[in-house]
Amino acid sequence: MKLKEFIYKNVNRIFPKRSNMLVFIPHGGMKNDAYGVDNYKSDNSLTFLNYLLSHYGKDFQYRFAVDYAEKEKVQRVLLEKYHDIDIECFPLFGLEYLGFWSRKKIAVRNLMNVFMRASYFFTSEGCTFPYKMKNQKLIFLGYFIPFKNDYDVLIHNDLRYNRTYDCCITTSLLASQIIAHTYSMPLHKFQVLGFSRNDNLLSNEKNEKLENFIKQSADYPIKKVILYTPTHRDYERDIHTNVRSILGFEVNCQKLSALLKQYNALIVCKVHSRQNTEALRKELPDGVVLHIPNPHYGLCELMQYSDCLITDYTSAYFDYLLLDRPVLFNFYDFDKYRKSRGFSFDPLDSIIAGDVFTDENSFYDRLKAFLEGEDKWKKQRIWVKKLVHKYTDTQSSQRIYDFVFHHKIG
């Protein structure tokens, strides 16, 4: 037996488990999107943490992963906000910029104080846990409903997923089957309970910071907000010298601005956290603004405040279906994307519930039709929503809590 395996198998004698210690690991792109203690609504792990803090408070000890540079600031906020609750953060992200020995010290500290002691781990994306202590439970709270192909991108043949995760939360049987194949995990480990973050999406809370941002984004009153959420392009990972428009094709800026002003509309572009922004032209037409990540609101709130979604191959489309609002698809690089990444569905139009455009002229046609009130895809949206969402309420966090703590997992 290897020394490392021997240590892990016998470590319970030295580090007894704390039955009420919970660990939360948000999505790895949280820093790029400025998600955190207050800006939590777009992340499943942070949302579930917030839910437990609000409903069960002192019942648990809470530990959650943050970026190394943010640790001290976050800990101060925690002391002020939850002074009577046992909650701490620990550095897990942003360590790649530290020296070798600094990383090792932090890893050992995390191992001794968190990973060897906690009883439950909740993650927002598939994390690799090479070893799991006795009586520990690992729960993958889910990240997406697959739209594009992830099987050839993720480590689908890494059996560490299979060996460690006790439960994976999804939104439907179809989503479970696709993700099970992607991660090479048995289907019996999947539970259709709904994403915790969708409780936020379906709530009616106001966000004054976002409201002010929208009001100040144009010199005319805004009556329609259009959210544009393009996914990242694997083929754009390298820095490009020939940058492209954020829409992927060239547009007449004056014509687009005039159209948006005519209908008192605003387009908010929310770039994917993993997009190589060096490939994008920085100048935008009037009436088109870029969402700058900030600690006050994120994708969830942008969806809530929008009247229409423009997207391409991102799973944000499936989340947006819960709001039952029009969707437009920008497929300017469809053939190239299909060859470089591919999709989880074939034919793709079987799950498309909105008009498609591929260039400037078709973009104007589809956009103007929406601005004039056309909505011919409602029945198809409802059909696809039922396919990918079993639940359309605000009780997913409660369902997850009941399942994890009132049922035997694994």
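Contact here means heavy atoms within 4.5 Å. Keep that in mind.

A word on the model. It is predicted, so local features need pLDDT of at least 70 and side-chain atom pairs count only at pLDDT 80 or more, while totals for chains, interfaces and linings use all residues. Residues are numbered from 1 along each chain as its sequence is written, and side-chain values use heavy atoms, with hydrogens and water left out.

Now the overall picture. The protein has 16 helices and 13 strands. Those are DSSP runs numbered from the N terminus: helices are H or I with at least four residues, strands are E with at least two. The radius of gyration is 22 Å, close to the 22 Å of the globule rule for 410 residues, so the protein is as compact as a globular protein of that length. That radius is taken over C-alpha atoms, and the rule is 2.2 Å times the number of residues to the power 0.38. Along the principal axes, the C-alpha atoms fill a box of roughly 70 × 45 × 45 Å.

Next, burial. Of the 410 residues, 57% count as buried. Buried means under 20% relative accessible area, exposed over 50%, partly exposed in between, with a 1.4 Å probe and protein chains only. Take contacts between residues at least 6 apart in sequence: 74% of them join residues at least 24 apart.

On to strand E1, residues 18–25. E1 pairs with E4, residues 118–123, in the parallel sense over five bridges. Two strands pair if DSSP finds at least two bridges between them. Here isoleucine 25 stands opposite threonine 123 in E4. E1 also pairs with E2, residues 61–67, again in the parallel sense, over four bridges. Methionine 21 stands opposite glutamine 61 in E2.

Let's look at glutamine 61. It lies in strand E2. Is glutamine 61 buried or exposed? Buried, because its relative accessible area is 16%. Which residues does glutamine 61 contact, leaving aside neighbours within four places in sequence? Arg18, Asn20, Met21, Leu22 and Asp86.

One step back along the chain is phenylalanine 60. Phenylalanine 60 sits in the loop between helix H3 (44–56) and E2. Phenylalanine 60 counts as buried because its relative accessibility is 9%. Its C-alpha atom is separated by 4.9 Å from that of asparagine 20, 40 residues apart along the chain. Not counting residues up to four places away in sequence, phenylalanine 60 touches Asn20, Leu22, Asp86, Tyr401 and Phe405.
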